[in-house]
Amino acid sequence: MGSLRTQVGIIGAGPSGLALAQLLQLAGVDSVVLERRSRDYVLGRVRAGVIEQGTVEILRRAGVARRLEREGLIHHGVEIAAGERCHRIDFTAQSGSVTVYGQTELTKDLMDARDAGGAPPVFEVDGVVLEDIDRERPRLRYTRGGKANVLECDFIAGCDGFHGVSRKAIPAAVLKTHERVYPFGWLGVLAEAPPVSSELIYLSHERGFALCSMRSATRSRCYLQCELDTNIGDWSDERFWDELASRLPAELAGRVVRAPTIEKSVAPLRSFVAEPLRYGRLFLAGDAAHIVPPTGAKGLNLAIRDVDQLAAALVAHYAERRDDLLDAYSASALRRIWRAERFSAWLTSVLHRYPGRTSFDRGMQLAELDHLVSSAVARAAFVEAYTGF
Ligand code: FAD
Ligand code: PHB
């Protein structure tokens, strides 16, 4: 059996696990990242696209923002469309902005930094088990290439996403979970086609929500609200673009470029919060701890903020022998998480078509959107939440 020792054992090489390892290394704290999938699989996943300014600042501090700042698209507003009406919400009055940069690219930048730091993740590990998380010396057991291994740690960071093992290691009597499952999903495509507009367009339509986003001036990322049991095989590229055009105001529909798609996937929508985020020497961060529906573009941003806070707390433990930040992690992160949950659930509820929605419910949605675009106070609250509190 192989035996290794580190200060922080990190489960998961998504954005949260990789960024945590990077922030710890810069402060002289050792870690080992264990990842179930292969490097190519992790680097191939297409997910988030909108990065808050506060997240950019953390990534800059982590030394991984150079390409993001060169290639990312800075946006100073978004469009909200309902039926034939389209309104721009401007961020500049509040000095707000977001950067459009794919999570795929950010993951590559983080992975490159781990390689350059001489500590790449350990890929393709199986059967990770957490042991003695409520004792001084917790352990991670796993197998790799058929060989059993044990990683002795001071702390364990559960950065293994919603379906990971770390949250499940917290005893049921301690862990509380709060969840809302939505009766629809998002069908997303990536295509080598110029975006419909230079800014993101969030659409509330009788036929359902749609989103026109992008990865660059020549690459579109678009989503349609879809049924949970949607079969991707039923969605030819032509059908996708036709449906998207049918949900856009006529003037914008004409701008849809029907290019072949490079990627197509369905994601269910969920709101979820686990608490506490700490049990003994285990700390949860990112999607392992919480899920937001993607409407508010908050998931990746929350994950990076979680690990920034956790890294600071771990560094204080080692460098200053202080544990107050570790003790405060769960409560203080949860407050920030619940605020992002509120915004994401609200934006989801006003933009999507719900089964059984009455004409009154639709009237309420349109009134919310009208209030949002016509009240300076409502716009300011939206900009504050969307661009990062
Ligand atoms: P993950 O990215 O899920 O990474 C967890 C890692 O742990 C994975 O690599 C997994 O393979 C690994 N793992 C799991 N189990 C184990 C195990 N047992 N052992 C070892 N490793 C394991 N967020 C935004 O901020 N802005 C957006 O615009 C946005 N858009 C989105 C659009 C879509 C369609 C989706 C689906 C999500 C979007 N998100 C967005 C959310 C964002 O992608 C996630 O919040 C983010 O990936 C969370 O990162 P993470 O590292 O915590 O988890
Ligand atoms: C994306 O570009 O993938 C994206 C943008 C905004 C969202 C969700 C996803 O709210």
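Asn-149 counts as buried, since its relative accessibility is 13%; here buried means under 20% relative accessible area, exposed over 50% and partly exposed in between, with a 1.4 Å probe and protein chains only. The structure is a predicted model, in which local features need pLDDT of at least 70 and side-chain atom pairs count only at pLDDT 80 or more, while totals for chains, interfaces and linings use all residues. Residues are numbered from 1 along each chain as its sequence is written, chains are lettered from A and ligands numbered from 1 in the order in which they are written, and side-chain values use heavy atoms, with hydrogens and water left out.

Asn-149 belongs to strand β11, which spans residues 147-152. Helices (H or I, at least four residues) and strands (E, at least two) are DSSP runs, numbered from the N terminus. A polar atom of the Asn-149 side chain lies 3.0 Å from the backbone oxygen of Lys-147. This is a polar contact, that is, a pair of N or O atoms within 3.5 Å; within protein, one must be able to donate a hydrogen and the other to accept it, and residues adjacent in sequence count only if both atoms are side-chain atoms. Beyond its neighbours within four places in sequence, Asn-149 is in contact (heavy atoms within 4.5 Å) with Met-1, Gly-2, Leu-140, Arg-141, Tyr-142, Thr-143 and Arg-144.

Turning to the ligand, 31 residues surround ligand 1, and the closest are Glu-35, Arg-47, Gln-103, Asp-287 and Leu-300; a residue is near a molecule or strand if one of its heavy atoms lies within 4 Å of it. Helices α1 (15-26) and α8 (299-320) each supply at least two residues of this shell, and α8 gives the most, with three. Oxygen atoms of ligand 1 take part in polar contacts: one is 2.7 Å from a polar side-chain atom of Asp-287, one is 2.8 Å from an N or O atom in the side chain of Ser-16, and one is 3.1 Å from a polar backbone atom of Ala-297. The protein covers 90% of the 1,000 Å² of accessible area that ligand 1 has on its own, by the Shrake-Rupley method with a 1.4 Å probe; for residues, only the protein chains shown count as cover.

Finally, the cysteines: with a disulfide taken as a pair of cysteine sulfur atoms within 2.5 Å, the count is zero. The sulfur of Cys-153 has its closest cysteine sulfur in Cys-159, 12 Å away, which is too far for a bond. Cys-153 is buried at a relative accessible area of 0%, and Cys-159 is buried at 4%.
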